[in-house]
Amino acid sequence: MNLLQDNVRKLYFKYFEAAFGSAMVSSIYGLVDTAVVGQSLGPNGTAALAVVAPLWNIIYSLGLLTGIGGSVLLSMAKGKKNAGDKTANAYFTSAVIGSLVLAAVAWVMIYTMETPLLQLFGADDTLLALAKCYLAPIKVVFPLFLLNQMLAAFLRNDNDPALATAAVIGGGVFNMFGDIWFVFGLNMGIVGAGLATAIGAVISFGVMLVHFVKKTNTLRLVPVYHFWTMLRKITVTGFSTFFIDVAMGILTMLFNTQIMKYLGSDALAVYGPIINISTMVQCCAYATGQAAQPILSTNYGAGKPERIVETLKYALYTSAVFAIFWTALSLIDPDLYLYVFMKPTEQILEIGPAIIRTYALSFLLLPLNVFSTYYFQALMQPQTAFIVSVFRGMLISGALILVLPIIAGPDSIWLAMPITELIIGIYVISKMYTSTRSLSALKQA
């Protein structure tokens, strides 16, 4: 595939197919775990996995920090005539080293701070015991979840998106069938769900390593003479995508504590399915961004604005389709989520639909807002991407989660994300319009 010359539409949808499959199967890890555990243990099981959810956001976000940041710079280096593979592989090597360090730190933290972390994320005594059982097998391979995210980003940018997808699908399929077999077939309960997830991560990692023995592989570990400079560029470039995921973990923690404070465990059990559906919507946006990013970055480096604009057009169409689909499904049949993810009680069936319908209004603009960070990163506008990710992921949303229940009553907490997405969406549309109009200067330069 030639990112500078091949038909943009064919390129985009080829990358999109791979990115979408990868993103969906990644989200299905959590979906199947939640559904199986919820059916096995009821609302307490669903609530326990809601407590664990921030850990996934944190470990995945660290992989995106080095993976997206490094792969964007790798693609730009390949697009520039005066750069080439040597500079590109220096970024790859720096990203690998940075990932290994972050993985080691995360591994130590999960073993030494598990209980206080889970309590911080909203666990009471009952949920803490269940969450720790689930994490027992996952802790053994915890670094692989970070490394899988990092490697998948580089494989997509090294013309091997299909293998990245195959790796995630292989691990995901095992996780799905393993969940059912371990939890129900072997009566392992919530530990079985954690074991299936852990083995799935090992399978994904092993499949991705196949790329490095292929003749088409251009990724190499090379000596890096300006490591700290390169690592700084990687973290600055990847920070916005990193923060989107880590912020989702922070918001989940805030929601968990506020829900328990004002609404109780039944409302937290309803929030469990919402987290999983919201993660799926966000993964759809990731797929759009990951499909467009290699094309955008490479053509930005080569100074080809018309190909950038065409790629943006397809990405915006895709974002709109996702927005309409997920919002409509949530408004039409919210009970579907409750029955899939747990055996709902009468109380949950009474409060659940209104909660889900209110929160789901945020899905109208979520795909656009998340995709925009990939777009601004690819066009080397990290400041704009930073503003979108930080204000969306923490400042506006966090303030609303804390303040709305006080000024408008407990149930108003579910409006926090719809209001946040609306404010950020207005900013994104404005900045995307002005930044796209300025691309004409790129060709002249």
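Helices (H or I, at least four residues) and strands (E, at least two) are DSSP runs, numbered from the N terminus. Met-109 is partly exposed, at 35% relative accessible area; buried means under 20%, exposed over 50%, and partly exposed in between (1.4 Å probe, protein chains only).

A word on the model: it is predicted, so local features need pLDDT of at least 70 and side-chain atom pairs count only at pLDDT 80 or more, while totals for chains, interfaces and linings use all residues. Residues are numbered from 1 along each chain as its sequence is written, and side-chain values use heavy atoms, leaving out hydrogens and water.

Now to the charged pairs. A salt bridge is a side-chain nitrogen of Lys or Arg within 4 Å of a carboxyl oxygen of Asp or Glu, and by this rule there are three of them.

| Salt bridge | Closest N and O atoms |
|---|---|
| Lys-139 and Glu-114 | 3.3 Å |
| Asp-160 and Lys-214 | 3.1 Å |
| Arg-392 and Glu-421 | 2.9 Å |

Lys-139 forms a salt bridge with Glu-114. Because Lys-139 lies in the loop between α5 (125-138) and α6 (142-157) and Glu-114 in helix α4 (residues 114-120), this pair ties together parts 25 residues apart in sequence. Lys-139 counts as buried at 13% relative accessibility, and Glu-114 counts as buried at 8%.

Asp-160 pairs with Lys-214 in a salt bridge. Asp-160 is in the loop between α6 and α7 (161-185) and Lys-214 in the loop between α8 (190-209) and α9 (227-262), so they tie together parts 54 residues apart in sequence. Asp-160 is buried, at 8%, whereas Lys-214 is partly exposed, at 32%.

Arg-392 forms a salt bridge with Glu-421. Arg-392 lies in helix α15 (residues 382-408) and Glu-421 in helix α16 (residues 416-437), so the pair ties together parts 29 residues apart in sequence. Both residues, Arg-392 and Glu-421, are buried.

How do the axes of α15 and α16 cross, and within what distance do they come? They cross at roughly 155° and come within 9 Å. The two helices, α15 and α16, are therefore roughly antiparallel to each other (angles over 145 degrees count as roughly antiparallel, under 35 as roughly parallel, 65 to 115 as roughly perpendicular and the rest as oblique).

Methods. Axes are lines fitted to C-alpha atoms, for helices over the stretch in contact, and angles run from 0 to 180 degrees between N-to-C directions.
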